[in-house]
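Please prepare a short briefing on the strand pairing and the salt bridges of the structure shown below, with the cut-offs behind each term stated.

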Amino acid sequence: MLRSLVGSEMCIRDRFGPEAKKIPALLSKESWQAAGDADSVMVVVDAARGMCHELEFVMEELRKSELKGRLVLNKADLLRGAQRERLLVLADQIYDQSIFTNGCFMTSALKGQHVEELEEELSASAIVGQAWEFDPETLSTSSLDKTISETVREKVYRRLHQELPYSSFVQVEQVKRSEETGHVTARVKLFVNNSRQVKMVVGRDGTVIKGIRDQARRDLERILNNSVNLHISVVSG
């Protein structure tokens, strides 16, 4: 995602987080390599969930990689009243000065609480004098096909990371975008190794693939800021 503020440009890439420990090694390796190439790393924690083994894994990987960044406790609005102390205890528990160097931001992305302050902090830390790489109206660095394939692939592995081998892959067959409304229609094929895996991905009465499709469609609508009609077929090849 690209975000242009007055005098600065930010390219924000959403990588695998708590699921990183469970995702196949190659996919997880890509995420850590992308984090290492970034100018800054932002660890976004579900404040309502709190500390967990997956978060401990992410923080340990950050230490090993000697990566530093910002700590964001999102969904902070869910911890109100007497629960507010839990939020402060969590911040103290997670905050590690060997990783986090720019304080802790307590936000609610849903309600927009303290999001503007976080954007201002990111904007202020932009590299001075570096030429802008993208047009201010551009919302993403990825082509539409790549955005769709990566989104579908992510949802597949989040749902079936233990059962489905990494050898499966996603192919975008057709994408149409209305010039008038911006509505996107996409047809995607998910290739797996054999008929047994087809049945596993489709699920009883199609429940599994429908869940993957709906999650991917919601993410794409958020990314593209428009309605999306997504068709996914599963084939063995």
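Helices (H or I, at least four residues) and strands (E, at least two) are DSSP runs that are numbered from the N terminus, and two strands count as paired if DSSP finds at least two bridges between them. This is a predicted model, in which local features need pLDDT of at least 70 and side-chain atom pairs count only at pLDDT 80 or more, whereas totals for chains, interfaces and linings use all residues. Residues are numbered from 1 along each chain as its sequence is written, and side-chain values use heavy atoms, with hydrogens and water left out.

**Strand pairing**

- Strand β6, covering residues 169–177, pairs with strand β7, covering residues 184–192, in the antiparallel sense and over eight bridges.
- Arg177 has Val184 of β7 as its bridge partner.
- Six residues lie between the strands in the hairpin of β6 and β7, and in this hairpin Gly182 takes a positive phi near 85°.

- With buried meaning under 20% relative accessible area, exposed over 50%, and partly exposed in between (1.4 Å probe, protein chains only), Asp96 is buried at 18%, while Arg63 is partly exposed at 34%.
- Arg70 forms a salt bridge with Glu121, where the closest N and O atoms are 3.1 Å apart; this pair also links distant parts of the chain, with Arg70 in strand β4 (residues 69–74) and Glu121 in helix α4 (residues 115–124), 51 residues apart.
- In that pair, Arg70 counts as buried at 3% relative accessibility, and Glu121 counts as partly exposed at 22%.

- Asp214 and Arg217 form a salt bridge whose closest N and O atoms are 4.0 Å apart, and because the two are three residues apart in helix α7 (residues 207–224), they are separated by about one helical turn.
- Both residues are partly exposed, Asp214 with a relative accessible area of 22% and Arg217 with one of 24%.
- Salt bridges that share partners join Arg213, Asp214, Arg217 and Glu221 into one network.

Methods
Salt bridge = Lys/Arg side-chain N within 4 Å of Asp/Glu carboxyl O.
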